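Please walk through the structure below, one part at a time. The text moves from sheets to helices and then to a single loop residue.

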Number of protein chains: 2
Amino acid sequence: MNKPIVPREIHRIYQGRTFTVQVETVTLPNGSELNAEIIRHPGSVVIVPVAADGQILLVRQYRHAIGRFAWELPAGSLKPSENAADAARRECQEEVGLVPTRLTPLGSFFPTPGYCDEEMNFFRADGLRSPTADETARPDDDEDIETRAFSLEALRQMIAAGEIIDLKTVAGLALLESRHP
Amino acid sequence: MNKPIVPREIHRIYQGRTFTVQVETVTLPNGSELNAEIIRHPGSVVIVPVAADGQILLVRQYRHAIGRFAWELPAGSLKPSENAADAARRECQEEVGLVPTRLTPLGSFFPTPGYCDEEMNFFRADGLRSPTADETARPDDDEDIETRAFSLEALRQMIAAGEIIDLKTVAGLALLESRHP
């Protein structure tokens, strides 16, 4: 059984800006029937921006969903028909103000496959440079972002101390460390 | 600004089995107003079960949201008023059929803080033993789960090869490796 199961019925509950909520009726491989509550999401990119001195750039912003500020790797959703590498370039410029010269894929992973189809596409970004005059990009209106460079050792300590609370940041740094260039 | 922002208005869109969908109107720290589409989730546990020989136990199941089978660390949502350690013990027994003698917290992280408040509580589980006759636990009806033990080296290769596609598994293994007992 390697083919996806086609739902017998789809009931769309909410079509939002970022995601769609649906109840999908499916018959599982074991024969049982399930009304699956599913978040449909366009997918996203997560960037690990590596500065010339080896430090990693993180961004800090207020996250209303969790009621806290969080240090995170820069990231964002794919726009319609945008490919992941283009989105990574755009988000890197929008969030840290620098354009990557080189992007290296670090893999694609699902953060919450139990109820959401968001796929996060991870990229290492090197050769960060200032944008030229005709390269315009600006954050969304609701984004108020601080950027800072951290050593890998400092980030390891922040994870152990509970000062980094974002899962994609933990995973992105592990993916970086597992693939030395 | 360290206190959470209280929404001016909450519009509940869907109350599901696993999560609630709400549009919450908030005024952000920078003064802009936002209708935030939020998934409210009870939180979850992720278990890194370490066998006596050092191998890690993973489970494989069909994930309808992504239309694929996936190898993952055992995990599950908190039940109402259940604490994380109790949930970890219960999920470990339900999913791999073994009861952990010792649980070590590996940290708590948000997989998708941009739109969802699910917090994943990671635990290393050691001293895995068979349940006694009065320790009953069984998987949910929609769970049809295969268990297998892997070496850390095999798991690293599966991540690099794209054979592990679940983000909490990547992060959980990294957390395990960063904290040798």
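**Sheets, helices and a loop**

B:R60 has B:E146 as its bridge partner in β10(B). The model is predicted, so local features need pLDDT of at least 70 and side-chain atom pairs count only at pLDDT 80 or more, while totals for chains, interfaces and linings use all residues. Residues are numbered from 1 along each chain as its sequence is written, chains are lettered from A and ligands numbered from 1 in the order in which they are written, and side-chain values use heavy atoms, with hydrogens and water left out.

Helices (H or I, at least four residues) and strands (E, at least two) are DSSP runs, numbered from the N terminus. Two strands pair if DSSP finds at least two bridges between them. Strand β5 of chain B, residues 56–63, is joined to β10(B) by five bridges, and the two run antiparallel. They belong to an open sheet of three strands in chain B, ordered β6-β5-β10, with antiparallel pairing. At its edges are β6 (68–72) and β10 (146–150) of chain B, each pairing on one side only. From one strand to the next the twist averages 25 degrees. Axes here are lines fitted to C-alpha atoms, for helices over the stretch in contact, and angles run from 0 to 180 degrees between N-to-C directions.

Two helices pack on this sheet. Helix α1 of chain B, residues 84–96, lies across β5 and β10 of chain B and runs at about 70 degrees to β5(B). Helix α3(B) touches β5 and β6 of chain B, where contact means heavy atoms within 4.5 Å. The direction of α3(B) makes about 170 degrees with that of β5(B).

A second open sheet in chain B has four strands in the order β7-β4-β9-β8, with mixed pairing. Because β7 (75–77) and β8 (102–109) of chain B stand at the edges with a single partner strand each, one side of each is left without a neighbour in the sheet. Neighbouring strands of this sheet are turned by 20 degrees against each other on average, direction ignored.

Which strands does β4(B) pair with? β4 (residues 44–49) of chain B pairs with β9 (residues 120–126) of chain B in the parallel sense over six bridges, and three bridges join β4(B) to β7(B) in an antiparallel run. B:S44 takes part on both sides: B:M120 stands opposite in β9(B), and B:S77 stands opposite in β7(B). Six of the six residues of β4(B) are buried, so the strand is largely enclosed by the rest of the structure. Buried means under 20% relative accessible area, exposed over 50%, and partly exposed in between (1.4 Å probe, protein chains only). In a regular strand the side chains alternate between the two faces of the sheet. Here B:S44, B:V46 and B:V48 are buried on one side of β4(B), and B:V45, B:I47 and B:P49 are buried on the other.

Ten of its twelve residues are buried, so α3(B) is largely enclosed by the rest of the structure. Among these buried residues are B:T169, B:G172 and B:L173.

The axes of α2 (residues 152–160) of chain B and α3(B) come within 11 Å and cross at roughly 140 degrees.

Between the chains, α3 (residues 167–178) of chain A packs with α3(B) at an angle of about 70 degrees, with their axes 9 Å apart. The two helices are therefore roughly perpendicular. Residues that meet in this pair include A:L167 and A:V170 in α3(A), and B:L167 and B:V170 in α3(B).

A:G97 is found between α1 (84–96) and β8 (102–109) of chain A, and at 33% relative accessibility A:G97 counts as partly exposed. Leaving aside neighbours within four places in sequence, A:G97 is in contact with A:C92 and A:P131.

Terms used. Parallel < 35°, antiparallel > 145°, perpendicular 65-115°, else oblique.
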